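Student: Hi! Could you walk me through a model I'm looking at?
Tutor: Happy to, here it comes.

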Amino acid sequence: HYSIEDEGVVFSWKEQKSPPLFVRAFKVDPHTFAAGLQKILGIQTNNVPEMVKSLFSTLGVDLTAPGRNIAFNDRLGLLFATATPLELDTIERALQVLNQVPPEIQIKARFMEVPESDVESILKAGVAVDAKETNMVEILTTTNATLLLRQLESRSGFENLAEPEVVTTSGRHTQMRATDTVAVLTNYALHADTYPAVSPQMGKFEIGPTVDLVPYVLSDGYTIDLTAIASMLEFLGYDKATNTVYATNNFGLRISVPTVRPGFRIQEGHATVNLWDGQTLVLGNMKSDFIGGDGQPGNESKFFQDAEKKNGTADKELLVFITA
């Protein structure tokens with residue numbers, strides 16, 4: 001600072017004032033904002049204000065300087081910043097990039113049972129995937145998938161089990177279910193000092209198909225990196241009891257306790273593939289396990305094997321078509 005006086009030019013120091021600070025609120029997606037910051041910075045902390053400070057320091061905005069501040073309300077999805085107008089403008093431009101809406105992906109799954117002889121036609125129509133999975137993994141073009149489904153639907157023995165469908169965003173874990181909750185008798189409990197002496201024990205099981213998915217749209221805009229785990233839980237019924245269990249209550253009475261042997265089958269297949277927009281992933285040759293009423297894998301009895309042969313399901317294969 002200077003002034004012109006009679007005796008000459010007088011220079012003097014003038015204390016520079018700090019620029020004024022303002023508060024501005026920015027709307028962000030509370031579900032994806034923290035995950036996006038973690039991905040950019042390559043860290044796993046959930047401290048959003050610290051991640052924001054770290055990110056903007058690389059853009060020349062020092063939010064640790066005196067008076068600056070950052071606060072995040074994850075319930076409302078609001079980020080509050082205290083800084084200079086120029087710094088706030090920089091923050092706003094960066095958040096516009098971070099807040100870009102991820103692409104939406106429509107996914108439809110078809111669970112079906114087909115005769116084992118029809119699986120060969122799928123192998124001819126699709127492209128086998130060189131993957132570590134032990135189950136069959138094929139990729140069909142849109143045209144081949146449409147033609148193949150029409151062929152399968154026209155043949156005897158075909159059964160469409162479920163067609164769950166969902167619209168999700170790129171990178172978000174999604175689960176589709178077409179299940180029914182079924183109460184199954186799993187056991188009889190003995191009451192040593194009350195009447196009645198035995199009572200049924202019920203368990204609830206979700207019967208039907210389930211698909212867990214994680215889809216990512218790649219940078220080209222039409223390739224989808226898809227991880228899929230498909231499973232199907234079936235209730236087979238009750239096996240015939242082969243023995244009688246007796247117990248003595250507190251009154252010395254010998255009680256016959258009924259034996260219950262429910263049976264379930266769970267089939268599961270999984271794959272991680274790259275699909276073009278509209279292509280279909282086919283999962284077959286599923287891993288199949290017999291499950292007892294205690295929820296543990298076991299050996300399937302001859303009773304259930306004969307029942308499956310009788311109802312025609314023994315020579316059928318479960319296939320899952322997943323179109324993204």
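Student: How many residues has helix H5, and what does it reach from its first C-alpha to its last?
Tutor: Helix H5 (residues 142-153) has 12 residues and reaches 17 Å, close to the 16 Å expected at 1.5 Å a residue; the expected span is 1.5 Å times one less than the number of residues. Helices (H or I, at least four residues) and strands (E, at least two) are DSSP runs, numbered from the N terminus. Keep in mind that this is a predicted model, where local features need pLDDT of at least 70, side-chain atom pairs count only at pLDDT 80 or more, and totals for chains, interfaces and linings use all residues. Residues are numbered from 1 along each chain as its sequence is written, and side-chain values use heavy atoms, with hydrogens and water left out.

Student: Which residues of H5 are buried?
Tutor: Ala145, Leu148, Leu149 and Leu152 are the buried ones, with buried meaning under 20% relative accessible area, exposed over 50% and partly exposed in between (1.4 Å probe, protein chains only).

Student: And on the other side of H5, which are exposed?
Tutor: Thr143 and Arg150.

Student: New topic: which strand does S12 pair with?
Tutor: Strand S12 (residues 180-190) pairs with S13 in the antiparallel sense over 10 bridges; pairing needs at least two DSSP bridges between two strands. In S13, proline 200 is the bridge partner of tyrosine 188.

Student: How many bridges join S13 to S14?
Tutor: There are 10, and these strands run antiparallel. Tyrosine 216 stands opposite aspartate 225 in S14. Their hairpin has 5 residues between the strands, and glycine 221 there takes a positive phi near 90°.
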